[in-house]
Amino acid sequence: MGMPLEVNTMIVTKGKENRQQENFFQLIKEGYRLYPMHVPLEVKRTKEGELSGTGQIHRLEWRDNSTIISYELVSLQSSN
């Protein structure tokens, strides 16, 4: 029996990210997901939503049918 795995190339938060310190966040996603690490990725609130910024994932952990990512927000998009 295989393990279901989803490959993602952007960070979609759905407003569920938790700030750890300054520009570092943690996000728990349901299911097992694979992300590129230590490269700039788009950060969006929803998949089709506007770009919130750019982040780099520094830690990825699979546990109990969930994926936990720790990322640094390296740039922030602003409408101002």
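A salt bridge is a side-chain nitrogen of Lys or Arg within 4 Å of a carboxyl oxygen of Asp or Glu. The model is a predicted one, in which local features need pLDDT of at least 70 and side-chain atom pairs count only at pLDDT 80 or more, while totals for chains, interfaces and linings use all residues. Residues are numbered from 1 along each chain as its sequence is written, and side-chain values use heavy atoms, with hydrogens and water left out.

**Exercise 1.** State how many salt bridges the structure holds, and find which residues are linked in a network.

Solution. The count is four salt bridges. Arg-59, Glu-61 and Arg-63 are linked by such bridges into a network, and within the pair of Glu-61 and Arg-59 the closest N and O atoms lie 3.3 Å apart.

**Exercise 2.** Locate the partner of Arg-33 and describe the setting of the pair.

Solution. Begin with the contact: Arg-33 bridges to Glu-6, with 3.0 Å between the closest N and O atoms. This pair joins distant parts of the chain, since Arg-33 belongs to strand β5 (residues 33-34) and Glu-6 to strand β1 (residues 6-7), 27 residues apart; strands here are DSSP runs of E, at least two residues long, numbered from the N terminus. Next, classify the accessibility, where buried means under 20% relative accessible area, exposed over 50%, and partly exposed in between (1.4 Å probe, protein chains only). Arg-33 is buried because its relative accessibility is 16%, whereas Glu-6, at 39%, is partly exposed.

**Exercise 3.** Is Lys-44 buried or exposed?

Solution. Lys-44 has 14% relative accessibility and therefore counts as buried. Its side chain meets that of Glu-42 in a salt bridge of 3.8 Å, N to O, and Glu-42 is partly exposed at 38%.

Terms used:
Helix = DSSP H or I, 4+ residues; strand = E, 2+ residues; numbered from the N terminus.
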